[in-house]
Amino acid sequence: MRSDTTADVVILGSGAAGLTAAIAASDHGSAVHVFEKAATIGGSSAVSGGVVWIANNHHCAAAGIEDSREDALAYLESLSLGRIDSDLAATFVDVGSEMIRYLEDHTPVRFRLLDGYPDYHPEHPGGKPLGGRSLDNELFSFASLGEWADRITTRVPPLPLTLAERLAARHGAGPDVQTLAHRSTTQQRAIGHALIGALLQACLDRRIQITTGARARKLVLNGNRVEGVVVEHNSAELHVSAPKGVVLATGGFEWNEEFVTAFLRGPMTAPTTPPDNEGDGLVMAMRAGAALGNMSEAWWVPVIRVPDQQAWGREAVHLVVAERTYPRSIMVNRKGRRFTNEACNYNAMGGALHAFDPGGFDYVNLPAWLVFDHDYKLRHPVASCPPGREVPNWMPNGAGLRDLARLISVDADALENTVERFNKDAVAGHDPDFGRGNSVYDTFNGDHSLEGVAATLGPLDRPPFYAVQIEMGSLGTKGGPRTDVRARVINLEGDVIHGLYAAGNVMAGPTGMAYPGAGGTLGPAMTWGFIAGRDASTRLV
Ligand SMILES: Cc1cc2nc3c(=O)[nH]c(=O)nc-3n(C[C@H](O)[C@H](O)[C@H](O)COP(=O)(O)OP(=O)(O)OC[C@H]3O[C@@H](n4cnc5c(N)ncnc54)[C@H](O)[C@@H]3O)c2cc1C
């Protein structure tokens, strides 16, 4: 092949999957080159919470929390619905714990237990109601990154607060002003920035080449073998040869409207990731003859569109987790009816938002409305609106439920009946319709100044009433080329495409429809990156 440049292993994409692959490949003796389409490093991983879900990990063991391979596999199996490949699941469990230990031993990446954060389905077999598998990042100082410090993907100026501290801050606890000021002066970063900063530092320490503004376009194929890739850089085509392999780590296709319509199981109108994830890796894999899997799936998340904020030149969208968990709130559909346990995990709620009404021939729960009362409004932030502040124009409100119903075009009688029924049950401390409050997960994100189920169940009885529209968003798609347990992409005949690997949201995710717990996307992404980099490096060419 024509070759302008060569690296043993070429990584496409600089999110957590790509950078982990780069480190593993380098540490196994390869010269590595990372190509990143965006001008900055880190993709969705950089703007994420940075939490990593790894079963049976050493932090959990050190804290005396029991976990085991068997528990983890039983848990994933309970979420399988026939869509999880048991070999891939076992590989995720076995290599995940090795991967985080390796990173901690050989790089500046440091995790700590996210205390008490339950799995997302904690009452399932093998689930962990008291946490142990979700890992937070230690703070990481960007001071050592030199000129790279300003080249990490950013959504909003990041607060130097770990995820644990952010959760504590919801309940009035957290570091004091002096501590925060010191952290800012010393360029400490947290969550996704800490993760990507530390992974990037490890790449720089290894002299791994990184080129930004470089969009991979085409794999160079010789029969069933990938020999390199063509990259667009500075308005020219760069032919890169990669004798040991190319790792696709280009993220999902959530910003490619054509693919979203063609593949996802229902509407997804509000991606929350940087807009570079347009399915480029999927296109390259399809052209190479890859078998595809999990194509209808995404990491679903309900969101609020916030017109008074911008992200990447577009109207910002805000993930809705705590807002729908706090007491004195419910979610209703266009018919004014509740349709799910509002406090359930965001990915599983995607199923409820995608419910289809055969009679009306529409998605009856889209859009939905989060409805809450004045007491709630005084106590809790809603997206960009702090508690007690003036009501923004994107938050309809009415003196009574009927006024609110008119403003949001919801049947007024139905809304009144729904609230009346919910209030009666909430006061009695239960939700016979949807079981809100039955799982420990339901109260974890609730109002901790209230005890037991009251942390999530409370009546909407203090006017005025407010509503915000809820849309179907995503933290990325998780369908794409299928891989084997060595992260090698397989073709339609079930054979390995030699020299082609995939990791992260670009690939057919090994957890199927499920989101096992906080960190459930970065856990498999980094594990597959680790496997891919190592395997490519040790591959006999
Ligand atoms: C607000 C938010 C919070 C989140 N919090 C968490 C969390 O705490 N825990 C968790 O597990 N998950 C979380 N997620 C989801 C998580 O961020 C993603 O699932 C994960 O980052 C995917 O990693 P990745 O490496 O596959 O892709 P990405 O991190 O998106 O990286 C892909 C990279 O590939 C680049 N690219 C695309 N096309 C090309 C091309 N043609 N050539 C070269 N480069 C290309 C992109 O620019 C991007 O930099 C969150 C997401 C968001 C948006």
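Tutor: Let us begin with Glu 342, whose side chain reaches the backbone nitrogen of Met 331 at 3.1 Å. Please keep in mind that this is a predicted model. Glu 342 sits in the loop between β18 and α11 (346-353). Is Glu 342 buried or exposed? Its relative accessible area is 0%, and Glu 342 therefore counts as buried, since the cut-off for that word is under 20%.

Now turn to the other end of the contact. Met 331 belongs to strand β18, which spans residues 329-332.

The peptide bond from Leu 366 to Pro 367 is cis, with omega near -10°. Pro 367 itself is in the loop between β20 (362-363) and β21. Another cis peptide bond joins Pro 463 and Pro 464, where omega is about 0°. That Pro 464 lies in the loop between α15 (440-444) and β23 (465-477).

While we are looking at backbone details, two residues have a positive phi without being glycine. One is Ala 383, with a phi of about 50°, in the loop between α12 (374-379) and β22 (397-398). The other is Gln 187, with phi near 55°, in the loop between α7 (177-185) and β8 (188-189). How do they stand in terms of cover? Ala 383 has a relative accessibility of 14% and so counts as buried, whereas Gln 187, at 34%, counts as partly exposed.

An open sheet of 3 strands runs in the order β4-β6-β5, with antiparallel pairing. β4 (52-53) and β5 (111-113) stand at its edges, and because each has a single partner strand, one side of each is left without a neighbour in the sheet. Between β4 and β6 (residues 134-137) there are 2 bridges. Within this pairing, Trp 53 stands opposite Ser 134 in β6.

Next, the ligand. Around it are 35 residues, of which Glu 36, Ser 44, Ser 45, Thr 521 and Leu 522 come nearest. Several polar pairs can be traced here. A polar side-chain atom of Glu 36 is 2.6 Å from a ligand oxygen, and a polar backbone atom of Gly 50 is 3.3 Å from an oxygen atom of the ligand. On the side chain of Asp 280, an N or O atom lies 2.9 Å from a nitrogen atom of the ligand. Taken alone, the ligand exposes 1000 Å², and the protein buries 95% of that.

Which elements give two or more residues to the shell around the ligand? They are α1 (16-27), α2 (43-47) and β10 (214-222). Of the elements, α2 gives the most, with 4 residues. By residue type, the shell divides into 11 nonpolar, 19 polar and 5 charged.

Finally, step back to the whole chain. It has 16 helices and 26 strands, and its C-alpha atoms fill a box of roughly 70 × 55 × 50 Å along the principal axes. For 541 residues, a compact globule would have a radius of gyration near 24 Å; the chain has 23 Å, which agrees with that expectation. Buried residues make up 60% of the 541 residues. Glu 342, where we started, is one of the buried residues, with its relative accessible area of 0%.

How values were computed. Residues are numbered from 1 along each chain as its sequence is written. This is a predicted model: local features need pLDDT of at least 70, side-chain atom pairs count only at pLDDT 80 or more; totals for chains, interfaces and linings use all residues. Side-chain values use heavy atoms; hydrogens and water are left out. A residue is near a molecule or strand if one of its heavy atoms lies within 4 Å of it. A polar contact is a pair of N or O atoms within 3.5 Å; within protein, one must be able to donate a hydrogen and the other to accept it, and residues adjacent in sequence count only if both atoms are side-chain atoms. Accessible areas come from the Shrake-Rupley method with a 1.4 Å probe; for residues, only the protein chains shown count as cover. Ala, Val, Leu, Ile, Met, Phe, Trp, Tyr, Cys and Pro count as nonpolar, Asp, Glu, Lys and Arg as charged, and the others, Gly among them, as polar. Buried means under 20% relative accessible area, exposed over 50%, partly exposed in between (1.4 Å probe, protein chains only). The radius of gyration is taken over C-alpha atoms; the globule rule is 2.2 Å times the number of residues to the power 0.38. Two strands pair if DSSP finds at least two bridges between them.
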